[in-house]
Amino acid sequence: MTGIQALERADRTLPMKPGRIEYQEFEYIRHGTLSLIANLEIATGTAIAPTLGPTRTEYDFANHIANTIETNPDDEWIFLVDQLNIHKSASLVRLVAACCQIDTDLGVKEQKGILKSMESRAAFLSDASHRIRFVYIPKHTSWLNQIECWFSILVRRLLRRASFSSTVQLSERILEFIDYFNRTMSKPFQWKYKGCKKVE
């Protein structure tokens, strides 16, 4: 989730009164943005190992995955991700190879071997024989990834009507919300989508 703005309302919110709804100041002061990289453990509905920072680069994502794996380093991990290029990076291939103790020549990025192209890297990262692997959802199907449902909860419950005086305060409030969510609200999502009707 990129571009989370630390917006501070220019004036205080006026409370609700009989015959009048709560009034929130529409003018704001910008204090920068953050990117949130998060995981949702679908069996429990728990958000795990969140990463907050100013950027979402190949290295940010690989470090996030490394920190996630470190929470249970010997477990099998299956990450459901979209088609973003940082999800098929050389850094990620090197991380998975190291964690899975795959001792093979990975090649050279844009020249040869596993690292040659995004397609070759994605094939390696999605190999079902690896203890750590990635499943890539098709383009334009973000609704298949349950972390997107969780991001909408974060927006509705915390970000939409809040006011933050800095990115530090924004980061602290997001981490507090994640902790609160995990302790009090987390549960598996009930998947109700039944698919599209076949048109003949």
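Modeller: Two packed helices are described by the angle between their axes and the distance between the axes. In this predicted model, the axes of α2 and α3 (residues 118-125) come within 10 Å and cross at roughly 25°. Angles under 35 degrees count as roughly parallel, and α2 and α3 are therefore roughly parallel to each other. The crossing of these two helices, α2 and α3, is left-handed.

Biologist: Which residues in α2 and α3 meet?

Modeller: From α2, the residues are Ala90, Leu92, Val93, Val96 and Ala97, and they meet Arg121, Phe124 and Leu125 of α3.

Biologist: How many of the residues of α2 are buried, and what do they pack against?

Modeller: Helix α2 is mostly covered, with seven of its 10 residues buried, and these are Ala90, Ser91, Leu92, Val93, Leu95, Val96 and Ala97. The buried residues pack against α1 and β5 as well as α3. Just after α2, the backbone at Gln101 takes a positive phi of about 55°.

Biologist: How should I read a helix with buried residues on one face, taking α1 as the case?

Modeller: An α-helix has 3.6 residues a turn, so residues three or four places apart point the same way. In α1, the buried residues are Glu58, Phe61, Ala62, His64, Ile65, Thr68 and Ile69. Seen down the axis of α1, these buried residues fall within an arc of 155°, so they line one face of the helix. On the other side of α1, Tyr59 and Glu70 are exposed. The cover over the buried residues of α1 includes the strands β2 (28-41), β3 (46-53), β4 (77-81) and β5, together with helix α2 (90-99).

Biologist: What span should helix α1 have, and how far apart are its end C-alpha atoms?

Modeller: Helix α1 covers residues 58-70, and at 1.5 Å a residue its 13 residues should span 18 Å, which agrees with the 18 Å between its end C-alpha atoms.

Biologist: How many helices and strands does the chain have, and in what order do the elements run?

Modeller: The secondary structure comes to five helices and five strands, and from the N terminus on the elements run β-β-β-α-β-α-α-β-α-α. The C-alpha trace spans about 70 × 45 × 35 Å along its principal axes, and buried residues make up 36% of the 200 residues in the chain. Of the contacts with a separation of 6 or more, 60% are accounted for by residues 24 or more positions apart.

Key
Residues are numbered from 1 along each chain as its sequence is written. This is a predicted model: local features need pLDDT of at least 70, side-chain atom pairs count only at pLDDT 80 or more; totals for chains, interfaces and linings use all residues. Side-chain values use heavy atoms; hydrogens and water are left out. Helices (H or I, at least four residues) and strands (E, at least two) are DSSP runs, numbered from the N terminus. The expected span of a helix is 1.5 Å times one less than its number of residues. Buried means under 20% relative accessible area, exposed over 50%, partly exposed in between (1.4 Å probe, protein chains only). The arc is that of the directions from the helix axis to the C-beta atoms. Contact means heavy atoms within 4.5 Å. Axes are lines fitted to C-alpha atoms, for helices over the stretch in contact, and angles run from 0 to 180 degrees between N-to-C directions. Angles under 35 degrees count as roughly parallel, over 145 as roughly antiparallel, 65 to 115 as roughly perpendicular and the rest as oblique. A crossing is left-handed if the near helix is turned anticlockwise from the far one by less than a right angle, and right-handed if clockwise.
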